[in-house]
Amino acid sequence: MNQVSNSTVVAETVAISNTVENDSMQLATDEAAAAVNGYTVFIPNFTEPCTLISSTGDRYNDTIQHSLMKDAAIIQQKVDTEQQSANNSFFRNVKWSPDGSCLLTNSADDVLRLFQLPENVYQDSEHGNSVLPMSPTLGIREGESVYDFAWFPLMNAQDPSTCCFITSVRDHPIQLWDYTGSVRASYRAIDHCERFIGPNALAFNLDGSKIYGGYENMVEIFDVQTGESTKHPTIPKRKSRKGQKGIISCLDFSTDGLYAAGSYSQSIGIYDQLNNELCLKLTGFEGGATQVQFSKDGLYLYSASRHSNSILCWDIRDSANILFELPRPGKTNQRMQFDVDATGKYLMTGDTEGNTLIYDLSTTATEDTETKQRLVTSFKAHDDITSCATFNPVYPVMATCSGQRKFRLPCQESDSEEEDDQDTIIDNTLKTWRVHGQYEWFPYDTTPLAVEEPQQIV
């Protein structure tokens, strides 16, 4: 019995298909032009403290109902605010666009909000450290909980056809959204009970031609142009001990043609993109995997899991061993997203205390790998759990967001309830920070390789 039917597209994806071809040609042209000169990379300097640029402040330190009322003007869908929950609206995740021009967030109120890059990225205020207020320019209200979302990897604000992203929502199809709030396409997956199922993990491949969705014991791959899909079970049979069991909870792609799939069943699988065969299986960690990310050179893999106080670095070249651990307080069921900067040298993560930790990854395994040597800096970013910390891929900026679900225990006396409300810390904020450093020029090595002359055989 087929668990998932073939996927169909309900809106046109011609723009995306043309974009992939045009961007591929443009990328080849840019690479040819850049080969003459070289490229620049921003080198962060964390010996100087990061400067707060902008913040949402107390805009979302409120209930879901009130948060929706504040953003009613920019939310595309009609929302009955009177029927909304009284729980607090905290930030779950934030992702920079590939061109670094804007931020996309996911909150507890099931709204995806678009924030533009602050205008004072390179400007130092003459009147001290003035923090700009942040307000969204677009809001998309989903019908159910948002599992995951991802930017189109070739997104460029100068080309509106590339400004789009995908979302995965419980019991809904995968939807491709335009940055104006309209749906471009839908990719449908239906289970054996004729119900829509949303993938728990969602990601584009590196060239944006395919969409990968993680389900229970399966990865489904959708073609962006046609909407057709192929299903690749991660286990041969349901009762088989081989393969990778469990719900696929996170995905990431390597430049070497591999992709990693983390599972809630405490395993990480490394797969080949050509045949989707399992190349390597990583086990031996506690809690279900919540995030995986390859190093820039593709030789290592970083992973985080639930109820874990550390981020693991795996050697995936041949040994599949854990090279080192990066401690961070993370005893929680909530996802806490980390990120690696463009140079591949630094890893940034938050913790349950509201701190932001930055580690140096350049220390090799043969050297002393104590935590004190790897920890470059840490600072207090929020008054609640830092749910995500991420580097801007282009500009010297990084973003952090915070908040978590607050539970209220039933109390008999009203006075004790008021005291609990006063003691509860609510910090549901999104912040951007300026990173100090400088750009360095790296010329391409255009020296032709020496060719040995053939020897004459006497």
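Mentor: Of the 458 residues in the protein chain, 48% count as buried. The model is predicted, and the chain averages a pLDDT of 84, with 82% of the residues scoring at least 70. DSSP runs in the chain amount to four helices and 31 strands.

The strand to look at is β2, which covers residues 51-55. Four of its five residues are buried, so by the cut-off of under 20% relative accessible area the strand is mostly covered.

Strand β2 pairs with strand β30, residues 430-434, in the antiparallel sense, and four bridges join the two. Within this pairing, S54 stands opposite T432 of β30. Strand β2 also has two bridges to strand β6, residues 132-133, and here the strands run parallel. The bridge partner of S55 in β6 is P133.

For the chain as a whole, among contacts between residues at least 6 apart in sequence, 56% join residues at least 24 apart.

For a contrast in arrangement, consider the open sheet of four strands in the order β24-β25-β26-β27, where the pairing is antiparallel. Its edges are β24 (339-340) and β27 (375-380); each has a single partner strand, so one side of each lacks a neighbour in the sheet. The partner pair β26 and β27 is joined in the antiparallel sense by five bridges, with β26 spanning residues 355-360. In that pair, I358 stands opposite T377 of β27.

As for the surface, the protein chain exposes about 23,300 Å², of which carbon and sulfur atoms supply 47%.

Two stretches call for caution. Over residues 23-35, pLDDT stays under 50, and the model has seven contacts beyond four places in sequence for them. Over residues 449-458, pLDDT also stays under 50, and there the model has zero contacts beyond four places in sequence. Where pLDDT is low, the predicted coordinates should not be read in detail.

Definitions and conventions
Residues numbered from 1 in each chain as written. Predicted model: local features only at pLDDT ≥ 70, side-chain atom pairs only at ≥ 80, totals over all residues. Heavy atoms only, no water. pLDDT = per-residue confidence, 0-100. Contact = heavy atoms within 4.5 Å. Pairing = 2+ DSSP bridges. Buried < 20%, exposed > 50% of the residue type's maximum accessible area, 1.4 Å probe, protein only. Areas by Shrake-Rupley, 256 points an atom, 1.4 Å probe, with all protein chains shown as cover.
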